[in-house]
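Reader: I am new to this. Please show me the model, and then let me ask about the words you use.

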Protein chains: 4
Amino acid sequence: MCRFLAYRGEPVFMEDLVSAPCHSLVHQSLHAEEAKTGTNGDGFGIGWYATRPEPGVYRELRPAWSDENLQSLCAQVRSGLFFAHVRAATGTATTRANCHPFVQGRWMFMHNGQIGGYHTVRRKLEAMIPDALYEARGGTTDSEAIFLAALADGLEDDPVGAVARTVSRVSALMQAAGVREALRFTAALTDGEDLYAFRWASDGKPATLYWRDLGDRLIIVSEPLDRAQPGWLEVPRSCVLTARKGQAPALQCMDEAITRAAA
Amino acid sequence: MCRFLAYRGEPVFMEDLVSAPCHSLVHQSLHAEEAKTGTNGDGFGIGWYATRPEPGVYRELRPAWSDENLQSLCAQVRSGLFFAHVRAATGTATTRANCHPFVQGRWMFMHNGQIGGYHTVRRKLEAMIPDALYEARGGTTDSEAIFLAALADGLEDDPVGAVARTVSRVSALMQAAGVREALRFTAALTDGEDLYAFRWASDGKPATLYWRDLGDRLIIVSEPLDRAQPGWLEVPRSCVLTARKGQAPALQCMDEAITRAAA
Amino acid sequence: MCRFLAYRGEPVFMEDLVSAPCHSLVHQSLHAEEAKTGTNGDGFGIGWYATRPEPGVYRELRPAWSDENLQSLCAQVRSGLFFAHVRAATGTATTRANCHPFVQGRWMFMHNGQIGGYHTVRRKLEAMIPDALYEARGGTTDSEAIFLAALADGLEDDPVGAVARTVSRVSALMQAAGVREALRFTAALTDGEDLYAFRWASDGKPATLYWRDLGDRLIIVSEPLDRAQPGWLEVPRSCVLTARKGQAPALQCMDEAITRAAA
Amino acid sequence: MCRFLAYRGEPVFMEDLVSAPCHSLVHQSLHAEEAKTGTNGDGFGIGWYATRPEPGVYRELRPAWSDENLQSLCAQVRSGLFFAHVRAATGTATTRANCHPFVQGRWMFMHNGQIGGYHTVRRKLEAMIPDALYEARGGTTDSEAIFLAALADGLEDDPVGAVARTVSRVSALMQAAGVREALRFTAALTDGEDLYAFRWASDGKPATLYWRDLGDRLIIVSEPLDRAQPGWLEVPRSCVLTARKGQAPALQCMDEAITRAAA
């Protein structure tokens, strides 16, 4: 399990959310409260949109809490749309290539969850990725494979539908392989304009996800950055929060999309 | 604060103590129980004596819990005298050079504690190290500086006396600089034959230290590796455990040595 | 392209070959002479057999020339059979998991070469690895994939035949995909007792390989460790050097094995 | 010896100079042409001024040529004043804290050179740094010590004079210690507005330094980024290039400043 943060709104210094708040993401790397693992020290990553359509990315295998570069970068870079992620590995190596977020062209993705029995279905999952995208597979995680498979499933045209199709196909793979562990999928996705946040699990126990909408600033987090602040709402289980450019955030049910995809 | 382990006795695979026990040192790197900080993820180190008078050392800035090299090394290397240490930094950078144990010739040292107000007294502390030894200063920690200062204070001829002298001089430096925080010194020291374990603090609150004597095997640890095992004894505060080659371990009072040194 | 070294014989300190000679492997990491790339600074690895059937491994993504741990390890560990490898990446990331040697059970493998057009055939190559072995794929290199595919092709029973079969199948994959670049395969393989060194390329231009047989000590290297020493012989192109336990090293033609495999 | 680059002028993407040119700094990390060491693989760093008075810094111990984060950062960040440095260590460890540039408040410094006999004079050199600045010493290099000593020597008020004083004092230390090796000081310094580039050595053999003035853009480099471009000029030996904000770059003799300082 991991912890993450997504921001969209008025450009802010990334440190305002990543390291400054009392329960910032960097603080959560050492002291998460709502996760099974309190320590998220198996690498981290930050991805931000600035002047190019593609995001910048800084990923590192060291823990976030002691990384001077992360501090400096977050103090310097202002962005109107960025992701940050601290990792607690679930069976794959601690390498930069296994750190979130993952980027492909303009798209950026990060995940907090796990494919149960991943080792059993990994090859079949990777077979869902077409050759042209497979070249982009730099690591060995389930998360990166889901992202690439969703790209192949039409992410660019229909993000929620594509993710639902991929999640549905992965569930089917797991069932066929006799995996009993759950598929847990709390995730965030963006193309640099629209932002999507998913909270779903095959056993109804997805990792936590909260959001705070201040009108000109939307913050999505695994855990509230400061419980003294008003306005933190839980993303309900089995829901997707969609924040299209220029529109207010809206919730939709993910189960329906998955049922449609599985049909 | 940190966690450490020292072993002397029949050669054993290092993994038998470092990673295999239920509350092994690697486990303590993620879930320490008796330390102020539960996570000791700011690097680690292992030092062992094999066929040469000087120990081998493997130090790394990544957390111990995810390091494949540490696992492999501990599974392969058998040693009759070794140290292992997981670090929780107290103000200095996470680099290999700041990881314990520190080695100088045949001598090896590791520390769990802190010089209060270190930044205030650092230059004066370093001035206690003579030029010839200063070349060996590879990092920036208080721990390494204490070790080098103790070498200058006669460590090779009178280990306990030299450490007492250094601790006494550092205390005086702190006092002169108006430092109010404590000097905490829980540490282990060896020349490849004799083993010394110190538990002392200027405020009477040193970090925990335990030992277990099985006749042909002596284990010294920050926290018992398995509480179900019988025979873990606490090293009393202000004491030094001395285990000279071919002799039974013995406890002596460190305060007396310090008083003598200060006189 | 990379540089490597394999040793079998009387147990020696690894530093005697890895770092001490004038043109040691560590020296070659900075100043290779017979490689297209003079710098082999994209990580390194060392694997050695000691008291267990499985080898110990230390792999690191930093350059070999500045790694203090490698120096210490090689100064301490004596082994009668070990591999060392310095890497110059050819398109895959600099991570520990992409560093050689690769280990699976008792088997250890390292490679100096390249599958031309790897990105084109990578998925098909990985499809040659059965599920049970695929779990062991920790990195993304062509080299690791060849090793796992060869294990599936019967490496444990017939090492040379299995490698020939895999090489033949990879060649066929490349041809089917219209790849024009060569398949270059200079490699070493062992199960902890017998040692095999391959020098083959589809275009007849394999990377260099030398050996020196001192009766009780066999050294196989990409480049001679000291040209002033007598007895360095080139492994002829398209040949395999086989050094079975208790037998003198023997050369055999690899083309024949490949032709048989392709038949 | 190392290689570096400094830029001041119209904001540009850092990649335009750091990684894009045919003989970019990243290329020089692997294939320097005018340095004693062709490989500068012992870490690197980049520092840039953006919206704050203090620069951002990204330093890493891996070689620059394989660092994905550096590529991404340089593709995203536009700056009107930045430094980049690739390191070839001369006796101190490969750690982030030993990588250039060094930053103190608004000031940024990088160095290509060496204090001959550094180990002999290190303690005395460090004694030149007052307590208040000593806290900022994170590494162990001669370069960082010179920077901190120059700050103590009045860098903020009189940059060229302060550097001359420090260089003069270091020379005196070396002479007193009987060091025969040279003091070589090719360096760049800035406060975020004015830019200073030094080329001096006690034996008249300083490392190379070039500049190219395009009116609205000033580039200072160890080696020209593209020899096909017109306008690269050598900074003469024993000279300082000063580029004050809003003024044309000007050369002055450093020997005179040093003579004054030594008087």
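Reader: What makes D:Ser238 buried or exposed?

Author: First, the basis: this is a predicted model, where local features need pLDDT of at least 70, side-chain atom pairs count only at pLDDT 80 or more, and totals for chains, interfaces and linings use all residues. Residues are numbered from 1 along each chain as its sequence is written, chains are lettered from A and ligands numbered from 1 in the order in which they are written, and side-chain values use heavy atoms, with hydrogens and water left out. Now the term: buried means under 20% relative accessible area, exposed over 50%, partly exposed in between (1.4 Å probe, protein chains only). D:Ser238 has 16%, so D:Ser238 is buried.

Reader: Why is C:Ser238 called buried?

Author: C:Ser238 has a relative accessibility of 15%, so C:Ser238 counts as buried.

Reader: Where is C:Ser238 found?

Author: C:Ser238 lies in the loop between β11 (233-234) and β12 (239-243) of chain C. Strands here are DSSP runs (E, at least two residues), numbered from the N terminus. C:Ser238 is not a glycine, yet has a positive phi of about 65°. Most residues other than glycine have a negative phi.

Reader: What kind of peptide bond joins A:His100 and A:Pro101?

Author: A cis bond, with omega about -5°. A:Pro101 sits in the loop between β4 (78-86) and β5 (102-104) of chain A.

Reader: How do you know that chains B and C are related as by a two-fold rotation axis?

Author: Chain C is laid on chain B by a turn of 180° and a shift of 0.0 Å along the axis, with an RMSD of 0.0 Å. The two copies are therefore related as by a two-fold rotation axis. The superposition is by least squares on C-alpha atoms of residues with pLDDT of at least 70 in both.

Key:
Helix = DSSP H or I, 4+ residues; strand = E, 2+ residues; numbered from the N terminus.
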